[in-house]
Amino acid sequence: MKRMELEILQLFQQHSFQAIDLSPVSILASCSAVGPVDQKKILSALRGTEVLADSTNAIALHVCDQKQQKVLSADEVRYCSIQRMVRGQSISGKGLTPHFRVGCLVTCGVDKGNYHFEKTALNEHVQTMRTLFIDYYKMEKISFRLLRREGYPETLLDVVGDYIARRNEDAEVTVVKEPEKTNDYYKGIQYKVDIAYKGKTYEIADGGFVDWTQQLLQNKKERMLSTGFGFDFMYRILQGVI
């Protein structure tokens, strides 16, 4: 597993994502303050901290700190991590535990008009996921589902969906304009990654646009896209446990 972790971080680096090592604890309410996450799912600790429950929230805090300190030299910044985290809620299901490692990609930038950030950032994440699951993990098939979410004009899904489909013609890209379930965690678009392996289909990754950097920096021009995939879950699939 450690060898795979290093190889995947190197793969992400080839796609321009800089690896970052996160603290095992984060600022108290780092998840619930910016996203619709119940604090009861997270283990609170002493002195205003909590056990790390989501790498992407911690990376958002890091990016905002860098921007406030004016140490970022690029319009866009890309980070990745593979981090163990802990959730407080009850976990059920074969091979699942309340502590697990998740790999993530985060791209932060600013609005440049015409959904430029949304199109290019999501395409980079999609292509990185394709490289990971097809070239590295050798999965039999990969497909992407783009789900409409609130928080953006309705034109976003059509524009971005067409952009992604045209640049990934050998992958199945489905646009879902009326999802069965509501979700106020993501803004505009949530996307899911499904893989096929030995006759079974698994939902292995999830991501979308969030407004956390907008909230933290009080700037509506800020943009953020996050993707997370089950590193431990994928390992257990390969081992035949799931």
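**Notes on the predicted model**

1. Of the 242 residues of the chain, 48% count as buried, where buried means under 20% relative accessible area, exposed over 50%, and partly exposed in between, with a 1.4 Å probe and protein chains only. The model is a predicted one, in which local features need pLDDT of at least 70 and side-chain atom pairs count only at pLDDT 80 or more, whereas totals for chains, interfaces and linings use all residues. Residues are numbered from 1 along each chain as its sequence is written, and side-chain values use heavy atoms, with hydrogens and water left out.

2. On overall dimensions, a compact globule with 242 residues would have a radius of gyration near 18 Å, and the 17 Å of the chain agrees with this; the radius is taken over C-alpha atoms, and the globule rule is 2.2 Å times the number of residues to the power 0.38. The C-alpha atoms fill a box of roughly 45 × 45 × 35 Å along the principal axes.

3. The chain has 6 helices and 10 strands, which are DSSP runs (H or I, at least four residues, for helices; E, at least two, for strands) numbered from the N terminus. Among contacts with a separation of 6 or more, 71% are between residues 24 or more positions apart, a contact being heavy atoms within 4.5 Å.

4. Strand 5 (residues 99-110) pairs in the antiparallel sense with strand 4 (residues 77-86) over 10 bridges, and also in the antiparallel sense with strand 10 (residues 222-230) over 9 bridges; pairing requires that DSSP finds at least two bridges between the strands. In strand 5, V106 stands opposite Y79, G103 is the bridge partner of I82, and C104 stands opposite G228 in strand 10. Both strand 5, with 10 of its 12 residues buried, and strand 4, with 7 of its 10 residues buried, are mostly covered.

5. Strand 4 also pairs with strand 1, here in the parallel sense and over 2 bridges, with A19 opposite C80. The loop between strand 1 (18-19) and strand 2 (25-27) holds D21, which is exposed, with a relative accessible area of 73%.

6. Helix 3 has 21 residues and reaches 29 Å from its first C-alpha to its last, close to the 30 Å expected at 1.5 Å a residue, the expected span being 1.5 Å times one less than its number of residues. Because 15 of its 21 residues are buried, helix 3 is largely enclosed by the rest of the structure. Just after this helix, K138 takes a positive phi of about 60°.

7. The largest nonpolar core has 43 residues, and those with the most contacts inside it are F12, L122, M129, F133, Y137 and F229; such a core is a set of buried Ala, Val, Leu, Ile, Met, Phe, Trp, Tyr and Cys residues joined through side-chain atoms within 4.5 Å. Helix 3 (residues 116-136) supplies the largest share of this core, 7 residues. A second, separate core of 18 residues includes V34, Y79, Y186 and M224.

8. Leaving aside its neighbours within four places in sequence, F133 is in contact with K138, M139, I142, V193, I195, I204, F229 and M234.
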